[in-house]
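The following paragraphs are intended to be read with the model in view.

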Amino acid sequence: KTDEPGAAQSPGQQQGPVKIGISLPLTGDFSEPGKGIQEGYQVWADQVNARGGLLGRKVELIFRDDASDPNRVSSDYESLITQDKVNLVFGPFSSRLVIPAAKVAESYGMLFVEPAGAAAEVFEQGFTRLFYAAPAIASDHYNYLADYILKLPADQRPKTAAYASLDDPFAQGTAYGLRDKLAAAGVKTVVDEVYPPETTDFAPIAAKIAAAKPDLVVGGTQFEDSVGLVRALQELKVQPKLAAFSTGPTLAEFPAAVKGAAEHILSPVGWSSTATFTGNQEMVKRYKELFGGEANEDAANGYTVGQIVEAAVNAVKCVDPTKECQDKLTQHIRQGTFDTVVGPLSFDDKGRPEQAHMIQQYVNGKVEIVLPEQAKTASIVYPKQEW
Amino acid sequence: MSEVVLSLEDVVAGYGRAAPVLRGLTVTVRAGEVVCLVGPNGAGKSTALKVASGLLAPRSGRVLLAGRDVTGLPPQRLLGLGLAHVLQGHSVFREMTVAENVRLGGFTVRDQARLNARIAAVKELFPVVGERWGSLAGLLSGGQQKQVEFARALMLEPTVVLLDEPSMGLDPRNTSVVFDQIDLMRRTGVAVLLVEQNARRALEMADLGCVLDLGRVHISGPARDLAADPRLGRLYLGGAPST
Amino acid sequence: MRTVSRGLPLLLAALAVAYPWLAPNYYLVYAGALTVMYAAMSTSWNLLGGFTGYVSLGHSAFFGLGAYGTGLLVVRLDVPWAVALLVSALLVTAFAVGVGIAAVRVRGASFVIVSLALVSMMNLIVQGWRSLTGGSTGLQVPSPFPGLHRGQTHIVFFYLFLVLLALALLSWWYVSRSRFGAGLRAIREDEDKAESLGVPTGAYKVAAFALSALFVALAGGLYALWFGSLDPIFVFSILIASYMVLMSLLGGVRHLYGPLLGALIVAPAGEYFLIALGETQIHLTATGLVLVLVVLFMPDGILARFTRRRAGPSIPDESADQRLQGVAP
Amino acid sequence: MVSLLLQGLALGVLTGGLYALLASGLSLYFGVMRVVMVAHPAFLFLAAYLTYTVHTTLGVDPFLALPLTVPLFFALGVAVQRLLIARLAPDNLAMMSVLLTFGIALTIEGLLGTFYTGSYKSVSMEYATRSLSLGGVHLPYDKIIAFAVAGLTLAVLFAVLVKSRFGQALRATIQHREAARLVGIRTERVAGYGFGVGLATAAVGGTVLALITPFFPASHWVWIGKLMAIIVVGGLGSVVGAALAAVLLGVVEGVVLVTVDATWATMMFYVFLFLTLLARPQGFFGGRLAHRF
Amino acid sequence: MSSLRTEGLTKAFGGVQAVSDASVELLDGKINGLIGPNGSGKTTFFNIVTGMIRPDSGRVLYRGRDITRHSPHRIAHAGIGRTFQLCRIFPRLTVLENMLVAVRRTRLRELLAGLRDTGEVERARHWLRRMGIEHLEEAEARDLSYGQQKLLELAAVLMAEPDLVLLDEPAGGVNPALIDRIVALVRDLNAEGRTFLVVEHNMDMVMGMCDHVIVFDRGAPIAAGPPAVIREDPRVLEAYLGV
Ligand SMILES: Nc1ncnc2c1ncn2[C@@H]1O[C@H](COP(=O)(O)OP(=O)(O)OP(=O)(O)O)[C@@H](O)[C@H]1O
Ligand SMILES: Nc1ncnc2c1ncn2[C@@H]1O[C@H](COP(=O)(O)OP(=O)(O)OP(=O)(O)O)[C@@H](O)[C@H]1O
Ligand SMILES: CC(C)C[C@H](N)C(=O)O
Ligand SMILES: [Mg+2]
Ligand SMILES: [Mg+2]
């Protein structure tokens, strides 16, 4: 077989464009964020090519749609690696797809930097070539918020908390990360709901939360359900002192979808459009030129993957799919620290990033970074205004 | 002789792309006359009636109704010209009540008074229709359903009636009712094209008989002569009845 | 026709066996194994669908249960993989008997809906029972052949699926020529009439349902071992059963090789569409339109076009001329 | 606890009304033409997207899209029936229609994805996020609106099917096409209109859905199972049965959601489906004529 | 001795009393006739005897064994075969395949054995030959004419070697020549020891062929006896024959 591990690479592969294989959920459940990641990758490729490419070779992105289906994601990487003989692969979106994808990459000895496999489980599969290109894994997303809450004076500190989470490893990971820390510090969990992705009606869940009158409402959500939950909470007149939801509020569609209810909602975010980290402003600008509209966190994460791999390639001076080269790249990433649009990133031996997510809040209708102290663009509003 | 109301001229017809079932059929029915088609199963008798009522468009040949060329017109147009067709087998609307079935017979009529008069008339002709007025037609016994179909077809006081094996499944009493009805229609000037397997009885009362086979009329003539033809009797009408 | 029906299968079988060695790269071996897996599954599906006319979308559930059963036995109880595969398939078969008893009480459209519900239900259960199945995180099954590299694993599974396909084909053939098969076909045409002729329709249907589930469960189990990660949403997806239906239908549900032929067309075409049109959602539309066209223009499948034509209507009772001899018009 | 139960019950009734609206079209296709229309939810979301477009480009209330979408969907339904469904062989209409409409659903999803991209869209109105409070029980306005629209639509539908000449003609057409033609019914046209009416309900349903939930091209998959379960419990083909079953299941779902959890609440649909089959395969409210002899 | 006996069978559909307190006894080894007006419960009686409908009360005894609540296939295995009022065959199976469906006993090995390897095909051909349709063996059943389908239905029932055969209107819609053939067949089969119960509205056929005639009216037997007696029975004349 031409792709037998260790088979000599044909010389043709040393020239021509650098092909990068990517499978993304362009249809199906994850198509919304999948698109964002795709745009991030495209902005990066555009800029690299403008700079003259990787090691002087043009970058060419090959996209496949996996329809949010893990079976397909495997096929995609299988064909990208063995048939298209890509030089590099970048990861797909969602922890659910990252695991099967990483398996394929791992067994063909390919470096696997991914933008969206944040769940803790991703890093427990024994992958040796996987890196998550964002500041923190899911269970650490709310770390700053947890610190903030626990430092509040005793009389202001919330006593009870309600958690509602989508049955999804990432979404649950974020909510439970916060829950475990707060519960350990004595904040009572009064509602702890998990709902399947099929759920379309959130009013009864909100009713349950309303009945418990919690000080704190935390949603482990993706997009659709975050909107559903917020609307239902508002309709059922739940009035917590603080409300936090993962993912949904970081998307541009959110405030319009919840119709004014976005005010003071908190959300972990790994990236900010106003941050001045390496390349960020250029990225924001180029994004607007290419796609109109504002870049979002997903696009930034895709871009980050590109930045890390680019730095590694430039450092070790190879981009071949061969084992030696991929090993060298992996080695380099494991040891280095990388300047990216989400800040400097470094990884532990399992590929986990060692930094932290920021916390954003809608203040006067605008997204502001409120935590941590050193990055904030506005002060956190607590307790939140009534819905 | 009275005027011709319905005629099929040299009709060729069939289903889908298969070979034609009717291969040059010619039949003529006059006002006040009962024409009886007999013939073995699969000869094309039902097909001939379907062509006559517009359910099936012929591949060639003409259909004339009341002097007009109606070849290829859909049934609802022929209905307006006074044609009614009672299908072979069961064709009640099974999941509708007897009442709905009968009223649908007058679907094209908007005049309520006329409808009500007709309903009363058919109820009298077929008592079971009145008795089971509110029940679902599909729940009636085979023979009862047949009666509902007649009632439905007679709602419009047709001038040409096509009957496809009307006595099939009927008990002797109802069979007589049907034959009496046919006789009555003839006397009021209605033209009847009748398909019957109960050939002896049908030929007895018909004016004209046609023996159909392989999509053509093989023998035709005054019904009584046909019934009396000994060879024909043996071949088509079966052994002499025990009576 | 005879030589074609004898010679062609042999040739195909030889080609199939040689395929992994002919394929230029491992992706094509992988795609081959996937195709054979689908062929095996649609042939199994056809044990129910083709004979009895009961369209089951519930076979996704058997696929998923077979996969999870095998995976859980291997992961949680350290059972050797081959044993796990068989035990799990047998458990699924037993389960199918239970479900079958309830499900085959309804016919036609209701059955389709019930089978659809079965898939959703299993998905909810497997996803909800996190402590056992790993829930939405999925279940990671270790490779049974840790010594082989990925490409070699594809070759091994290609042959395993090929064996399964052979078994499924053999079963279909065996049933089709038996009285059991005749009874099943009669059920497709007119169930009450079949019963009045002495066919125990209930038992027959359940038996066909279970047999068909058995093979699909085996395919699911092999898939779990091969693929290594199971995610409830996608293992219990009606799309999987829809593929079985589409493939069977395209090839021809009334023919032994119909589903196989369908799989040989649909699976590679699916991969092709994805690669050619993968960047937009239009490939969904392409798949949808193909389905619509097949249903409209080839409802009996491709093979129906090549086999015995219908005699056509109009078979007269006896020759009219025989009877009319001597009777002048 | 009692008030929570009451709240769950009230929400369940309202949601049930919505389910009734969404399922009514399905029940109609099946009842009158034995077609299992897997693409109905896809059409619901097609309507939702159209509503979205009208709402965002013209800035008008989403319900003002109805004069546009209802006739459009009616026409679409007529076209689908005349061009596609009518061509299916009657032998195994149920089976083939599942596959055909499955193909249609995929086609629609692909087109939506192509034109609107995969991202979520939503239509939010000020009035749709408030609620009415009655003795501690909150009734969200969007759900009240959905319930009212559903009730109205179903009443119209019922009147059309049972009372009107068209309804009579439609039922006759389904039951015996040749006989229907012989009493003067234009059967092709009637069957087309019947399908059109079914899709017209999807236009209304889609608008309501757009108002209460965000959507993306693949959203329709979630609804197929639930809606199908409803029409089976209601008795396949019975529009009234489906409505009753929808409310029943809505209430069960609401109550189970507040007392147990969301997984079990969704499961209830399927549990009821299987219970129905075991107890009364013809459905609880339908009670159809046995086709046996 | 009687092979089939019913005691007080009753069945109501909603408000309609289809069969009420029907106690019937067949003459073993003879041709029994069952006549009665439309809707008098004859078909329902068949359906109860063959297990397709559960009676509200009463018992069905076959050779002294109570088979009232047995499922249709068990009753078929016990040796009772039936045809349907509107002929039912398997339309998309070939004539030969239609013949191979019927089963009398079922053992797993027989079930799974290849049909062509056992004597079944020979037996099937034998019956087709007796019906005179052996030349149609490979045709799809739906392509047969109605009369041929009726013969096929009967042949398929006979494949299970029933001892008692219930025929629901065997002559309905069949051309007269074929009726003669069916009558002859029934007589032959009866001579070989099979008992028959025939529902029929064709009085010539019933009176000419049957040894014993049972008359139903409104769901219950009102008379039973040899044809000659029945023909003169005033109750029968009034309920049924009286025209
Ligand atoms: N499934 C059913 N549901 C309701 N009523 C029924 C059903 N089957 C039969 N009936 C009623 O029971 C009565 C007897 O019907 P049955 O079919 O047994 O009569 P029959 O003697 O066979 O008549 P025919 O000579 O017309 O065939 C009829 O009044 C009929 O309407
Ligand atoms: N809808 C149809 N599609 C295809 N073929 C048909 C159709 N209807 C009838 N045929 C065929 O046409 C031929 C003639 O049928 P037709 O019903 O006209 O015969 P018939 O003389 O009425 O017979 P019978 O006495 O049995 O009613 C038969 O061979 C039949 O198989
Ligand atoms: C932060 C997000 C981009 C992570 C993603 N939602 C996941 O499932 O892991
Ligand atoms: Mg006929
Ligand atoms: Mg009867």
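Burial is expressed here as relative accessible area: buried means under 20%, exposed over 50%, and partly exposed in between (1.4 Å probe, protein chains only). By this scale L12(C), at 39% relative accessibility, is partly exposed. The residue lies in helix α1 (residues 2-22) of chain C, helices being DSSP runs of H or I of at least four residues, numbered from the N terminus. Together with L8(C), L11(C), L15(C) and L22(C), L12(C) makes a nonpolar surface patch of about 480 Å².

The model is predicted, with local features requiring pLDDT of at least 70 and side-chain atom pairs pLDDT 80 or more, whereas totals for chains, interfaces and linings use all residues. Residues are numbered from 1 along each chain as its sequence is written, chains are lettered from A and ligands numbered from 1 in the order in which they are written, and side-chain values use heavy atoms, without hydrogens and water.

Helix α3 (residues 98-105) of chain B is largely enclosed by the rest of the structure, because 7 of its 8 residues are buried. Among them are V98(B), E100(B) and L104(B). Their cover includes α6 (165-175) of chain D as well as α4 (112-125) of chain B, contact being heavy atoms within 4.5 Å.

In chain E, T43(E) (OG1) and Q85(E) (OE1) coordinate the magnesium ion (ligand 5) at 1.9 to 2.2 Å. Donors are N, O and S atoms within 2.8 Å of the metal (3.2 Å for Na, K and Ca); water is not among the atoms, so sites may look incomplete.

Definitions and conventions
Helices (H or I, at least four residues) and strands (E, at least two) are DSSP runs, numbered from the N terminus. Patches are made of residues with over 30% relative accessible area and no salt bridge: like charges are joined within 9 Å, nonpolar side chains (Val, Leu, Ile, Met, Phe, Trp, Tyr) within 5 Å. Accessible areas come from the Shrake-Rupley method with a 1.4 Å probe; for residues, only the protein chains shown count as cover. A salt bridge is a side-chain nitrogen of Lys or Arg within 4 Å of a carboxyl oxygen of Asp or Glu.
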